[in-house]
Amino acid sequence: MAVLRAHPLDFISRDLVMTGIPCGPAYRIETERLVIRCWQPTDAPALQEALLESLDHLRPWMPWAGQEPEPLEGKIQRLRRFRGNFDMNVDFVYAILNADESEVLGGTGLHPRAGKNAREIGYWVHKSKINNGVATEATAALTKVAFLVDKVHRVEIHCAPTNLRSAAVPQKLGFTHDGTLRQRIEAGDGTYRDRMVWSMLSSEFPGSAAAKAGIKAFDAVGRELELSVDT
């Protein structure tokens with residue numbers, strides 16, 4: 001029996017491909033200080049080191065940190081899944097690196113779990129970069145990419161109310177606090193904590209601080225993507 005497989009062009013606009021116009025997703029984003037790009041399996045040792053150095057900082061807030069430390073082979077396989085999901089337009093998980101890509105500063109993502117025509121941005125930062133503006137700079141970049149490349153209607157950020165550093169990021173960028181959901185985050189110790197939900201709509205983006213972020217974004221083969229804000 002013949003196996004029907006999806007054509008590679010089914011995941012992107014055929015019209016854009018035929019005209020040669022670069023289209024998303026953004027595989028690489030450059031900001032003033034950062035490179036935000038799709039994880040590669042070769043990043044596994046550096047990611048493992050960064051997480052080991054930051055576990056005490058991450059465990060109170062990131063449920064997945066309870067699964068760390070993870071063996072290097074497990075980390076390699078995880079990054080292979082991240083890359084595969086990225087290529088198949090399933091989920092978009094990014095590394096946050098310094099400008100020469102020699103150091104892992106954290107991780108972030110544009111996650112479709114927020115629903116149709118929406119993205120949720122998550123982020124974590126190496127403990128040595130706390131209060132250095134890394135999370136804000138990376139989140140501004142992903143917000144811009146979400147609206148101008150992915151063309152979504154809404155972007156969300158979720159965090160615990162007691163995680164004051166994380167909550168400060170959407171506040172700075174012009175997100176609105178939609179509300180706080182009770183007991184919605186399962187912590188690593190089996191307890192539950194509240195979840196704050198912040199959002200920005202496409203109509204609100206042009207006037208936001210995130211729209212002013214100076215970034216460049218590139219597709220899977222390194223072509224620069226259009227990032228014009230409609231006013």
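When I say nonpolar core today, I mean a set of buried Ala, Val, Leu, Ile, Met, Phe, Trp, Tyr and Cys residues joined through side-chain atoms within 4.5 Å. Please keep in mind that this is a predicted model.

With that in hand, let's go to the middle of the structure. The largest nonpolar core here has 45 residues, and the ones with the most contacts inside it are Ile-29, Ile-36, Tyr-94, Leu-110 and Val-145. Who supplies it? At least two residues come from each of β2 (34-38), β3 (92-98), β4 (104-111), β5 (118-125), α4 (134-148), β6 (154-159), α5 (164-173) and β8 (192-201). The largest share, ten residues, is from α4.

Let me pick out Ile-29. Setting aside neighbours within four places in sequence, Ile-29 is in contact with Leu-34, Val-35 and Ile-36, with Tyr-94, with Ala-141, Leu-142 and Val-145, and with Ile-215, Lys-216 and Ala-217. Apart from the core we have been discussing, there is another one, of 16 residues, including Trp-39, Met-62, Val-93 and Trp-124.

Now, the sheet. Nine strands make an open sheet with mixed pairing, and the order is β7-β8-β6-β5-β4-β3-β2-β1-β9. At the edges you find β7 (176-186) and β9 (216-218); each has a single partner strand, so one side of each has no neighbour in the sheet. On average, and ignoring direction, neighbouring strands are turned by 25 degrees against each other.

β1, residues 28-30, pairs with β9 in the antiparallel sense over three bridges, and Ile-29 stands opposite Ala-217 in β9.

Two helices to point out on the sheet. α2, residues 44-58, packs on it and touches β4 and β5, with its direction at about 85 degrees to that of β5. α3, residues 72-87, also packs on the sheet, but touches β2 and β3, and its direction makes about 120 degrees with that of β3.

Last stop: how do α4 and α5 pack against each other? Their axes are 9 Å apart and the angle is about 50 degrees. The crossing of α4 past α5 is right-handed. If you want to look at the contact itself, Ala-135, Thr-136, Thr-139 and Ala-140 on the α4 side meet Val-169, Lys-172 and Leu-173 in α5.

How values were computed
Residues numbered from 1 in each chain as written. Predicted model: local features only at pLDDT ≥ 70, side-chain atom pairs only at ≥ 80, totals over all residues. Heavy atoms only, no water. Buried < 20%, exposed > 50% of the residue type's maximum accessible area, 1.4 Å probe, protein only. Helix = DSSP H or I, 4+ residues; strand = E, 2+ residues; numbered from the N terminus. Contact = heavy atoms within 4.5 Å. Pairing = 2+ DSSP bridges. Axes fitted to C-alpha atoms, helices over the stretch in contact; angles between N-to-C directions. Left-handed = near helix turned anticlockwise from the far one by under 90°.
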